[in-house]
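Good morning, colleagues. Please look at the structure on the screen while I go through its salt bridges and its nonpolar core.

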Amino acid sequence: MASSGKQEVPEALRERMEDELGDLFFVLVNVARYLSLDSESALKKTNRKFKARFQWMEAQLKAAGRTPDQASTAELEELWQRAKEQGKEQGREPK
């Protein structure tokens with residue numbers, strides 16, 4: 001899981017990176033179209049999967065009387081990996 005901390009990036013570089021990211025999104029949508037896949041549906045499925053994993057992580061932390069803000073990056077990463085395994089074991093994610 002990537003860090004959620006904001007990086008200080010000079011404005012000109014930020015604009016260029018944003019432009020390149022837009023190009024990348026465009027390429028991915030075209031790959032999906034070429035493969036006759038619904039890119040919007042794929043994104044919605046991934047969002048649901050992310051939400052389920054994060055809610056599982058929050059529940060684990062809540063059971064320990066903590067919040068995600070109180071967990072270290074390493075602990076969050078460990079929980080994320082466990083959440084992925086939970087989904088696979090329960091048949092909610094492809095193995």
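Glu-85 and Lys-88 are three residues apart in helix α3, and therefore about one helical turn separates them. Helices here are DSSP runs of H or I with at least four residues, numbered from the N terminus. Glu-85 and Lys-88 form a salt bridge, with the closest N and O atoms 3.9 Å apart; the term requires a side-chain nitrogen of Lys or Arg within 4 Å of a carboxyl oxygen of Asp or Glu. Glu-85 is partly exposed at 39% relative accessible area, and Lys-88 is partly exposed at 25%. Buried means under 20% relative accessible area, exposed over 50%, and partly exposed in between, with a 1.4 Å probe and protein chains only.

This is a predicted model, in which local features need pLDDT of at least 70, side-chain atom pairs count only at pLDDT 80 or more, and totals for chains, interfaces and linings use all residues. Residues are numbered from 1 along each chain as its sequence is written, and side-chain values use heavy atoms, leaving out hydrogens and water.

The count is five salt bridges. In helix α2, Lys-44 and Glu-40 lie four residues apart, about one turn, and their side chains meet at 3.4 Å, N to O. Glu-40 is exposed at 51%, whereas Lys-44 is partly exposed at 45%. Glu-75 and Arg-66 are paired at 2.7 Å, N to O.

Which residues make up the largest nonpolar core? The eight are Trp-56, Met-57, Leu-61, Ala-71, Leu-76, Leu-79, Trp-80 and Ala-83. Such a core is a set of buried Ala, Val, Leu, Ile, Met, Phe, Trp, Tyr and Cys residues joined through side-chain atoms within 4.5 Å. Helix α3 gives the most, with four residues.

How values were computed: Helix = DSSP H or I, 4+ residues; strand = E, 2+ residues; numbered from the N terminus.
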